[in-house]
Amino acid sequence: MPEIALTTVALLCLAALVAGWIDAVVGGGGLLLLPALLLGLPAGTPASHALGTNKAVAIVGTAGAAVTYARKAPVDVGTAVRIGLAALAGSSGGAFLAAGMSTDVLKPVIMVVLLAVAAFVILRPSFGTAPAPGPATRRRRIAAIGLAGVGIGFYDGLVGPGTGTFLVLALTGLLHLDLVTASATAKIVNCCTNAGALAMFAWQGAVLWQLAAPMAVFNLAGGMLGAHTALKRGSGFVRIVLLVVVTALVANLAYEQWLA
């Protein structure tokens, strides 16, 4: 593990706490956590080490949020697990290809992804505020396995940030879920994508375990707190958080890309 100042470790743990809360409420905690790792790790550290460490931290917070949601939210665990297994395979493949990716590629990709999310949510003001009447059809469930499972799982292994948000959007649109139930379902799926990607990164030796351990504790606390908040406040609150988070991160990345 590269030498990292204690102050930097403390700041990374704080970022992990906030990212855990954000991820549990609406997904996308990696949009804060991964850039924090990219900035906090010493110059010359391979991008794959930031990606791998991010997965080791995120899987703990995601698991905590999933357990919290499963106790109180109406989650279809069977559907979530089927999508999750497809996502595990997709994320393993994405992580395998991510080993040679540089940080110069990551930041523009994250920014494009954020802009797409922001545009979608702004143009659909009623999206996810209430579930559509009737259960999702078999065709929609298969589409969810393909898109939310294999497709978004592959993205999670390759890049990662925003996976939870994309899962919430896909599950809300395809399975007619409200945002709280979609967030709960996304946490189960996200556990699988994180597991597949983490296994591949660990096999490649791209996880900084000594740094990941304290960050994971803070991420777990944030994840459980975020799940409780979303369950208490409802879909309207989740949508507001989604817009605030995406807008702030787009502005930050735009500044770093063109003005800094």
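Below are some questions and answers on this predicted model.

Q: How many helices and strands are there in the protein?
A: From the N terminus on, the elements run α-α-α-α-α-α-α-α-α-α. The count, then, comes to 10 helices and zero strands.

Q: What share of the contacts with a separation of 6 or more comes from residues 24 or more positions apart?
A: Start with the chain itself: it has 260 residues, and buried ones make up 56% of them. As for contacts at a separation of 6 or more, the share from residues 24 or more positions apart is 85%.

Q: How much of the exposed area do carbon and sulfur atoms supply?
A: One piece of the surface is a nonpolar patch formed by Phe96, Leu97, Phe154 and Trp203, with about 490 Å² of accessible area together. Phe96, for its part, sits in helix 4.

Q: How far apart are the end C-alpha atoms of helix 4, and what span should its residues have?
A: Helix 4 covers residues 77–98, which is 22 residues. At 1.5 Å a residue they should span 32 Å. The model agrees with that, since the end C-alpha atoms are apart by 30 Å.

Q: Which helices do the buried residues of helix 4 pack against?
A: The buried residues of helix 4 include Thr79, Ala80, Ile83, Gly84, Gly90, Ser91 and Ala98. Their packing partners are helix 3 (47–72), helix 6 (138–158), helix 7 (163–175) and helix 8 (179–203).

Q: Which residues is Ala98 in contact with, leaving aside neighbours within four places in sequence?
A: Ala98 has its place in helix 4, and it counts as buried because its relative accessibility is 0%. Tyr155 is 57 residues away in sequence, yet the two C-alpha atoms are 9.9 Å apart in space. With the sequence neighbours left aside, the contacts of Ala98 are Ser48, Leu51, Gly157, Leu158 and Phe201.

Q: Is Thr185 buried or exposed, and which residues does it touch beyond four places in sequence?
A: Thr185 is found in helix 8. At 4% relative accessibility, under the 20% cut-off, Thr185 counts as buried. Beyond four places in sequence, Thr185 touches Val75, Ala80, Leu171 and Leu177.

Q: How far apart are the C-alpha atoms of Gly29 and Val245?
A: Gly29 lies in the loop between helix 1 (6–26) and helix 2, and it counts as buried because its relative accessibility is 3%. Leaving aside neighbours within four places, Gly29 is in contact with Ala19, Ile22 and Asp23. Val245 is 216 residues away along the chain, and the C-alpha atoms are separated by 9.2 Å.

Q: How many residues of helix 2 are buried?
A: Helix 2 runs over residues 30–40 and is mostly covered. Among its buried residues are Gly30, Leu31, Pro35, Ala36 and Gly40.

Q: How many disulfides does the count come to?
A: A disulfide is a covalent bond between the sulfur atoms of two cysteines, so the distance between sulfurs is the thing to check. For Cys192, buried at 17% relative accessibility, the closest cysteine sulfur is in Cys191, 6.8 Å away and too far for a bond. Cys13 counts as buried too, at 6% relative accessibility. The number of disulfides comes to zero.

Terms used: Residues numbered from 1 in each chain as written. Predicted model: local features only at pLDDT ≥ 70, side-chain atom pairs only at ≥ 80, totals over all residues. Heavy atoms only, no water. Helix = DSSP H or I, 4+ residues; strand = E, 2+ residues; numbered from the N terminus. Expected span 1.5 Å × (residues − 1). Buried < 20%, exposed > 50% of the residue type's maximum accessible area, 1.4 Å probe, protein only. Contact = heavy atoms within 4.5 Å. Patch = residues over 30% accessible without salt bridge, like charges linked within 9 Å, V, L, I, M, F, W, Y side chains within 5 Å. Areas by Shrake-Rupley, 256 points an atom, 1.4 Å probe, with all protein chains shown as cover. Salt bridge = Lys/Arg side-chain N within 4 Å of Asp/Glu carboxyl O. Disulfide = S-S within 2.5 Å.
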